[in-house]
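Have a look at the sequence and the model before reading on.

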Amino acid sequence: MIEFAKEFSLDIIIMNSVRYSETVRKVKALFANCPVPQIICTICEQEGLDNIDAIIQYDARELPGQQLPAAHAHSPLDHVLNLGIQLPPGCQRLTGIIATIGKSSNDIETMQKMMAAGMNVALLNLSFGTQKEHVETIKMLRKAAKEYSVTVGKHFPLAIAARLPGRKIRTGCISDVANGIMITRQELGSDISPTKLVIAQKDMIARANEANVPVCLCAHLLSSMRHSKIPLRSELLDIADCIFDGADALVLSAETAIGISPVQTIKCMASASKEAEDSVWTMRMFHDYVEKTPVPCDQATAIAVSAVLAAYQSIAAAIIVVTATGKAAFLVAKYRPRCPIIAVTRYVIVARQMHLYRGIMPLIYEATPEADWETDLEQRINFCTKWAMQRGFVRVGDPLILVCSWKQGSEFTNTMRMVYATADIGVS
């Protein structure tokens, strides 16, 4: 199965093997001379994460989803009391959507519609079907992504994840080899009392957030939509609760694999996520994570904290991160900015893997690098600004926070700037 992942250039591998560390070492050895996929560990027990490491100045305040009185509240009660029920949701969804591909979604047209509806990661469950069928599905997904890229006018970085068969990990996971965590609640419910699921979920998500490891929630999120086009109210509340807890991404399983309307299910998930995100007290989360940050911290962490703080204080429309490896964007995402993080990179696999982190909107910059590095940097920033303006969540005069290197190289990310979007698709 591991060779299968390399042969078809999968972006994400979801591991269930009991011998997790040994299997991960084999994966890294196999991918020694090529980009290594993100490795996600499926967790089925609460102890599994023990070892994981001036408001009115700018027009951005008028963007939908700001909920500024609630966002700048001084207590949990004030936060809730100041939420505006009649206000529209945010322009951009920050929570990732992982959709399982099955017989209901196994055609190119449906795959393209699922991307348009909000699918960020396509998931293959290798416990079902033959290897030949999975190979054909991967080919269709790549073709669908290519055709959808033409439709939207930019390279759409659809990630493909494969869930490998095997026994689930019930004794813990290792933070230095796991790139992400998937909490599968159906197995978790068989290990502990169902009445303890709420506490277990909150605990594991909090531990993953503190360690800056992306965490996904799986199982029964919109299970009624297997047979209906309208979700249950309790399911919508469950989605919101997962987002309030701090989940980076949500996983649709049978709903999109064998459900009657996978596209409508993803639309419902996307809509519910945007509504819930407006009610998250992200500023309180920011302060909590800053307090948990060791002192002294490294320069990359200091820049990430400064960027998110600047975004809050200026009510920035977006944070633009120029990155080669994605690490700078991951750090910014940890501190939970209220605005989207536009992460621009030249590497396709990096862009795809960034979908696992809350708030990151990856862009692939395909233009030939300029001889002058500063000119090339400016062009990448303008590329992001133009795209954001086309999407409607950045306008002329809106503040933007830039995170980039001070010179060429991935290890030199130590610069944060605040600029303003201009009419000529540039920044000043």
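## Salt bridges and a cavity

Let's start with a network: Lys202, Asp241 and Asp245 are linked by salt bridges. A salt bridge here is a side-chain nitrogen of Lys or Arg within 4 Å of a carboxyl oxygen of Asp or Glu. Side chains of opposite charge can pair when their charged atoms come close. The structure holds eleven salt bridges.

Some ground rules: this is a predicted model, where local features need pLDDT of at least 70 and side-chain atom pairs count only at pLDDT 80 or more, while totals for chains, interfaces and linings use all residues. Residues are numbered from 1 along each chain as its sequence is written, and side-chain values use heavy atoms, with hydrogens and water left out.

| Salt bridge | N to O distance |
|---|---|
| Lys113 and Glu109 | 3.4 Å |
| Asp288 and Arg284 | 3.1 Å |
| Arg395 and Asp398 | 3.3 Å |

How far apart along helix 5 are Lys113 and Glu109? They sit four residues apart in that helix (residues 108-117), so about one helical turn separates them. Helices here are DSSP runs (H or I, at least four residues), numbered from the N terminus. Lys113 is partly exposed, at 44% relative accessible area, and Glu109 is exposed at 53%. For these labels, buried means under 20% relative accessible area, exposed means over 50%, and partly exposed is in between (1.4 Å probe, protein chains only).

Asp288 and Arg284 are also four residues apart, about one turn, in helix 12 (residues 282-292). Asp288 is partly exposed at 34%, and Arg284 is partly exposed too, at 32%.

Then there's Arg395 with Asp398. Arg395 is partly exposed at 28%, whereas Asp398 is buried, with a relative accessible area of 0%.

Now for the second largest cavity, which has about 40 Å³ of space. A cavity is a set of points on a 1 Å grid over the protein atoms alone where a 1.4 Å probe fits but cannot get out, and lining residues have an atom within 4 Å of a point. The volume is the space filled by probe spheres set on the points, which are joined across faces, edges and corners.

Which residues line the second largest cavity? They are Ala208, Asn209, Asn212, Val213, Pro214, Asp248, Arg336 and Tyr357. By class, that lining has four nonpolar, two polar and two charged residues. Ala, Val, Leu, Ile, Met, Phe, Trp, Tyr, Cys and Pro count as nonpolar, Asp, Glu, Lys and Arg as charged, and the others, Gly among them, as polar.

Technical notes: Helix = DSSP H or I, 4+ residues; strand = E, 2+ residues; numbered from the N terminus. 1 Å grid on protein atoms, 1.4 Å probe; cavity = no way out; pocket = protein on both sides within 12 Å on 5 of 7 lines; lining within 4 Å.
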